Amino acid sequence: MTSSPQIADPHADLPALRVAIRTWLRDHEAELQPYRHEIVGDIPQMYTHVRPLQRMLCEAGWTRLGWPVEVGGLGGSAVMRAELMEEFAAAGYAFPDLLATIEIMGPMLVKYAPELAAQHLPAAIAGDEVWCQGFSEPEAGSDLGGLRCKAVPTDGPNGPGFVLSGQKMWSSYGSISKRCCVLARTNDNGHRGLSMLWVDLDSPGVTMVPTMCETHRDDVSELFFDDVFVPLDRLVGPEGAGWEVVMYLLQYERGAYAWKRQAEMHTHLQEVLHQADPVAAAAHTTAIGEAYLAIFALRSQAGPTLGLLDSGAALGPGISVDKLLLGVAEQTITDTARNVLWPALELDDTEAAERWRRRWSYTRITTIYGGAAEVQRDLVAERLLGLPRGK
Ligand SMILES: Cc1cc2nc3c(=O)[nH]c(=O)nc-3n(C[C@H](O)[C@H](O)[C@H](O)COP(=O)(O)OP(=O)(O)OC[C@H]3O[C@@H](n4cnc5c(N)ncnc54)[C@H](O)[C@@H]3O)c2cc1C
């Protein structure tokens, strides 16, 4: 892939940006052909596949838009990157999911550890490193405050820092990640005893064990920390502020990620119609209509959320609505695809069928990761609608 001169303009208004992105996509159509779909491979193969694309987008400046200049961005609004995802999907390309994970962790680093953001964000955007999240543990998922992973303050021969020990699980893209934001207990003071650490996964004492998922690939990994030294300057936010930091991050996981997915879902629904036998499609018009409405509902919620996040607003429990709508849309689309494209989707050996099977499997867990749907519904019921607490 040839290198692309930087052409993204952080001062452009959104209509001008849209035109510029469309022109660039048209001019680079030949190079972008391999990215028409997500590849059907394992996680390392996926990473190898998307790296040149991430570099190309970075060199053109598109994925640096909206990040502050101080951390390697071009400045402007984060909504500009949302526009990029939208145009990318509308042109029929698969936007790298690894870039979407930066949308979740990057804002946290920029706000709570700008020096770390300046050191590591440029490499992540360019595709030279991958990050993961280490929050959930075998006995702490929905009840995150009950986590046991410990980071004991130390000031030994390596200097000030923490000695990290414990286990994390379900870390998305853990098997290819270079760094992980780990939520750990630094003292016994309940939620105030949690701190966020930025951990290099090649540190002595870290063991990563991939978990094979229903998608037939290691989407997630377990991480074991055996007396891992983490320097003090890897603290994200003040010591003891981990709960605030993780709640800030989860706004992006539940909200900003939904925007990328809705953009792709429009393309996926088009794919269903394109691949379907016209008779089968005609028999499922109601389901197809419902799928479209589910995406539209998500889009109507996620668009304003992006603007609010960009303005620095704290979204509170309202963000659970985005997460719930994301789960509904993802599962409605893939269930519709499964019915409309039956039996090919279930039985064929083609890449298209395999891709749909993987999409269907992966969307089963949209109602789990980033906060289980049952818990999100409780938050909406109690904190938005003011209903009495359930038993
Ligand atoms: C594919 C995938 C990717 C993930 N990626 C990451 C990641 O990158 N980093 C990370 O840290 N974690 C990740 N997770 C973990 C995810 O955040 C947790 O699985 C999730 O928060 C649920 O926690 P749990 O699995 O411990 O289930 P539990 O909390 O044990 O929940 C089990 C069931 O009980 C229900 N339940 C629990 N509490 C309540 C309640 N108060 N009210 C009503 N129902 C309740 C839940 O809804 C669920 O149905 C991922 C998970 C998956 C499946």
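Leucine 325 touches Ala297, Leu298 and Gln301, leaving out residues up to four places away in sequence; contact means heavy atoms within 4.5 Å. This leucine is found in helix α10 (residues 319-340). The model is predicted, so local features need pLDDT of at least 70 and side-chain atom pairs count only at pLDDT 80 or more, while totals for chains, interfaces and linings use all residues. Residues are numbered from 1 along each chain as its sequence is written, and side-chain values use heavy atoms, with hydrogens and water left out. Helices are DSSP runs of H or I with at least four residues, numbered from the N terminus.

- Leucine 325 is partly exposed, because its relative accessible area is 23%; buried means under 20%, exposed over 50% and partly exposed in between, with a 1.4 Å probe and protein chains only.
- Leucine 325 and valine 79 lie 246 residues apart in sequence and 20 Å apart in space, C-alpha to C-alpha.
- Threonine 366 sits in the loop between α12 (351-363) and α13 (373-384).
- Threonine 366 counts as buried because its relative accessibility is 0%.
- Threonine 366 is in contact with Lys323, Leu326, Gly327 and Glu330, leaving aside neighbours within four places in sequence.
- Between the C-alpha atoms of threonine 366 and valine 328 the separation is 8.6 Å, and the two are 38 residues apart along the chain.

**Helix α9**

- The 26 residues of α9 should span 38 Å at 1.5 Å a residue, and the 37 Å between its end C-alpha atoms agrees with this; the expected span is 1.5 Å times one less than the number of residues.
- Buried residues of α9 are Ile288, Ala291, Ala294, Ile295, Leu298, Ala302, Thr305, Leu306 and Leu309.
- The cover over these buried residues includes α4, α7, α8 (278-283) and α10.

**Helix α4**

- Helix α4 (residues 79-90) has 12 residues and reaches 16 Å from its first C-alpha to its last, close to the 16 Å expected.
- α4 is mostly covered, with 10 of its 12 residues buried.
- The buried residues of α4 pack against α1 (14-27), α2 (29-32), α3 (43-59), α5 (97-112), α7 (242-275) and α9 (285-310).
- Glycine 92 follows α4 and has a positive phi, near 90 degrees.

**How α4 packs on α7**

- The angle between α4 and α7 is about 15 degrees and their axes are 8 Å apart; axes are lines fitted to C-alpha atoms, for helices over the stretch in contact, and angles run from 0 to 180 degrees between N-to-C directions.
- α4 and α7 are therefore roughly parallel to each other, a term for angles under 35 degrees.
- Ala82, Met85, Glu86, Ala89 and Ala90 in α4 meet Trp259, Lys260, Gln262, Ala263, Glu264 and Thr267 in α7.

**Nonpolar cores**

- The largest nonpolar core has 75 residues, and those with the most contacts inside it are Leu32, Trp62, Met108, Leu109, Met196 and Val236; such a core is a set of buried Ala, Val, Leu, Ile, Met, Phe, Trp, Tyr and Cys residues joined through side-chain atoms within 4.5 Å.
- α7 gives the most to this core, with 12 residues.
- Another core, of 17 residues, lies apart from it, with Cys149, Ala151, Cys180 and Val199 among its members.
- Leucine 109 touches Pro114, Leu116, Ala117, Trp131, Trp198 and Val236, not counting residues up to four places away in sequence.

Note on methods:
Helices (H or I, at least four residues) and strands (E, at least two) are DSSP runs, numbered from the N terminus. Angles under 35 degrees count as roughly parallel, over 145 as roughly antiparallel, 65 to 115 as roughly perpendicular and the rest as oblique.
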